[in-house]
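Here is a briefing on one protein chain fold. Look at the sequence and the structure first, then read the points by topic.

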Amino acid sequence: MTESPDVELIPLTMEPVYFELDSTTLMPAFRDSLTQLADALRKRPEARVSITGHTCELGTTEYNLALGQRRASVVRDYLRRLGVESSRLSTLSYGEERPLSATVLEKNRRAEVQWLH
């Protein structure tokens, strides 16, 4: 069975999901884009995504790794609730090791979703 061209155009990446300081609460502003990603994943059953959690530099390395993992897990669990099989979702925490900005700490408090080929 051949996929329709529309399915091939559905993006499987998205902008980062940002979090407040020391928080793992998924803000409502990111729910629509995660819902669109879940729809795209349901239409492409072979697709898998990696969700990485990140933090700013505040806190210890151990704490930030754990916080990054919780952020990635929150995104994963939201996608699971939207019908994406957990076997298609992997998580990893980088903690503070991969900042997007050295001056705007809010940009580092995030989870990123990337398509795995």
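This is a predicted model: local features need pLDDT of at least 70, side-chain atom pairs count only at pLDDT 80 or more; totals for chains, interfaces and linings use all residues.

Residues are numbered from 1 along each chain as its sequence is written, and side-chain values use heavy atoms, with hydrogens and water left out. The model holds an open sheet of 4 strands. R71 is buried yet has no salt bridge. A search of the whole structure finds 6 salt bridges.

**The sheet**

- Helices (H or I, at least four residues) and strands (E, at least two) are DSSP runs, numbered from the N terminus.
- Two strands pair if DSSP finds at least two bridges between them.
- The strand order is β1-β4-β2-β3, and the pairing is mixed.
- β1 and β3 (89–95) stand at the edges with a single partner strand each, so one side of each has no neighbour in the sheet.
- Strand β1 (residues 17–18) pairs with strand β4 (residues 110–116) in the antiparallel sense, over 2 bridges.
- V17 has A111 as its bridge partner in β4.
- Strand β2 (residues 48–54) also pairs with β4 in the antiparallel sense, over 7 bridges.
- R48 has L116 as its bridge partner in β4, and I51 stands opposite V113 in β4.
- Strands of a sheet pair through backbone hydrogen bonds, either parallel or antiparallel.

**Helix α3 and R71**

- Helix α3 spans residues 61–81 and includes R71.
- α3 lies across β1, β2, β3 and β4. It runs at about 155° to β3. Axes are lines fitted to C-alpha atoms, for helices over the stretch in contact, and angles run from 0 to 180 degrees between N-to-C directions.
- Is R71 buried or exposed? R71 is buried. Buried means under 20% relative accessible area, exposed over 50%, partly exposed in between (1.4 Å probe, protein chains only).
- The nearest side chain of opposite charge to R71 is D22, 6.2 Å away. Lys and Arg count as positive and Asp and Glu as negative; His and the chain ends are not counted.
- What does the side chain of R71 reach at 2.9 Å? It reaches the backbone oxygen of S23.
- A polar atom of the R71 side chain also lies 3.1 Å from the backbone oxygen of E20. A polar contact is a pair of N or O atoms within 3.5 Å; within protein, one must be able to donate a hydrogen and the other to accept it, and residues adjacent in sequence count only if both atoms are side-chain atoms.
- Not counting residues up to four places away in sequence, R71 touches residues including F19, L21, H54, T55, R109, R110 and A111. Contact means heavy atoms within 4.5 Å.

- D22 lies in the loop between β1 and α2. D22 is partly exposed, at 48% relative accessible area.
- Phi of D22 is near 60°, a positive value in a residue other than glycine.
- T55 lies in the loop between β2 and α3. T55 counts as buried, at 3% relative accessibility.
- The side chain of T55 reaches the backbone nitrogen of E96 at 3.3 Å.
- Leaving aside neighbours within four places in sequence, T55 is in contact with N64, L67, G68, R71, G95, E96, N108 and R109.

**Salt bridges**

- A salt bridge is a side-chain nitrogen of Lys or Arg within 4 Å of a carboxyl oxygen of Asp or Glu.
- R42 bridges to D39, with the closest N and O atoms 2.1 Å apart. Both lie in helix α2 (residues 31–43), 3 residues apart, about one turn of the helix.
- R42 is partly exposed at 40% relative accessibility, and D39 is partly exposed at 30%.
- E85 bridges to R88, with the closest N and O atoms 2.8 Å apart. E85 is partly exposed at 42%, whereas R88 is buried at 8%.
- E106 bridges to R109, with the closest N and O atoms 4.0 Å apart. E106 is partly exposed at 49%, whereas R109 is buried at 8%.
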